[in-house]
Amino acid sequence: MIRPALVAALLLFFATAATAQPVVSRSGTAQPLRLFTDSLPKEEFAARRTQLMEKIGDGVAIIQGAAETGNSLKFRQNNQFYYLTGVEVPRAILLVDGRTKRSTLFLPPRNERKERSEGPVLVPGAEAAAITGIEAVESREQFATALKSAAGSPRAAFLPFRPEVLGGASVSDPLARWNASAEDPWDGGRPRETLFVEKVKAAAPSLDMKDLDPLLDAMRFVKSPREIALIRESTRLAGLAIMEAMRSARVGMYEHEIEAIGDYIFKAHDAQGAAYFALVAAGTNAAWPHYHAGQAQIRDGDFVLFDYAPDYKYYASDVTREFPINGKFSPEQRDLYGIYVKLYMSLMTSIRPNVPVPEILKDAVAKMDAAIAAHPFTSPKFRAAAVRFVENYRRRINPPADGAPRRGGSLGHTVGMEVHDVNTPHGDVLVPGMVFTIEPALTIPEDRVYIRLEDVILITETGYENLSSLVPMEIDAIEKLMTEPGMFEKYIPGAGSLAPGRRND
């Protein structure tokens, strides 16, 4: 068992951290707290608000920020509000006026007692306007007056109709909670967002309430160069975590210990949290695609699935790899995983911009058929699983004769501020600036065998870029990486002796 060694490593780490000095500026004084985001410049947020004004015509867009966390955890703004402002203050409200071409931010008044405890935050006034680039920053108490003025004549008012999305979530998560609460006879709580829409309507009945979310989704779908840079860094951190997990993995570890490696890597690189719960699944646990209990002890011979990524400056990633806990692929693992990689790369190398997805899949299936024909299968069951994998994509190539939607394998899901990011009716075509993942699974359900890789793909004008290509997927490259010393060898004298065979039992 490696658990006592892990405890020793953590004790050493915290003892070192306790002696660390706070960051100071060149003048020797402590750096001031950051009042506004450093992830993107204020000009990018201003450009988004300008684009929104073009979409709403002479209407208004009204959106509220997240409330306080209600605990002693760091505040994180909801995605839609942050996308338009970059402002990280609880209970902020934004009013974008398409007629006057001006935006107004409403903030809670200064709380001097809280500032003495936690430090300053943005407060109403000209300084906040200069920092954020928003034309006016007023007290939240002035919102009612501004709303009445905006409703002086009938016009459209765009507000979010769906639940806000915070860190570690995609829109389907709070939406599921909404529905569960509504159906629960002992709950039945009204969503905060619905109440806000109703209160705005009651205060300004001349406004015609419309859904803001589709407008913002269309803007968010294609990423700007700066957004791509943030997703690229989030992906790099996910890759570093996976590679460190491969180096540090040992027989006898628990799934949650592998998960903790990702937590450390993310935090050490200034991520503000996780983009989703860690999917670390050993052996047959991987057959549950979103398994995250993390309580199983990993046995010799187990294959480990690691799917985890950070929430880095409001942008997510989604990378998956699988590896043998003992550092060596068994003959059976080499056979099944080996054909899976060939099929996976057939799909990836067929991706092209501005081409219908069925045409991409047609090319991929041809490559897959050739890969299966050339692969030396050791088991009829493995061959049947590979054929079933390909047939799933073959069904997607041709539309059903009855005009029903196409069935079969998909290319994956979009990635951005959410791990399952917003989508649009863009047609069945991949467009430049789109970021998505491919994550096909090869399964043998009766044996609870599940193999899945996942990479983050950026569509470019001429092709694609695999943002997660730094993480090895080929068998020899994984085995080579797993012979390198991991983070625990750096903290525990003599731990390097565990490397040969990677056993600790």
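Select D97 and R155 to begin: both residues are buried, a term that denotes under 20% relative accessible area, whereas exposed denotes over 50% and partly exposed lies in between (1.4 Å probe, protein chains only). The model is predicted, so local features need pLDDT of at least 70 and side-chain atom pairs count only at pLDDT 80 or more, while totals for chains, interfaces and linings use all residues. Residues are numbered from 1 along each chain as its sequence is written, and side-chain values use heavy atoms, with hydrogens and water left out.

Keep this pair selected. D97 and R155 form a salt bridge in which the closest N and O atoms are 3.0 Å apart; the term requires a side-chain nitrogen of Lys or Arg within 4 Å of a carboxyl oxygen of Asp or Glu. D97 belongs to strand β2 and R155 to strand β5 (residues 155-159), distant parts of the chain 58 residues apart. Helices (H or I, at least four residues) and strands (E, at least two) are DSSP runs, numbered from the N terminus.

Next, select R91 and E68, whose side chains meet in a salt bridge (2.9 Å, N to O). R91 lies in the loop between α3 (79-85) and β2 (93-97), and E68 in the loop between β1 (60-64) and α3, so the pair ties together parts 23 residues apart in sequence. R91 is partly exposed at 33% relative accessibility, and E68 is partly exposed at 42%.

Then move to helix α10 (residues 225-248), where R236 and E233 are 3 residues apart, separated by about one helical turn. Their side chains meet in a salt bridge (2.9 Å, N to O).

Finally, select E44, R48, R226 and E227, which salt bridges with shared partners join into one network.
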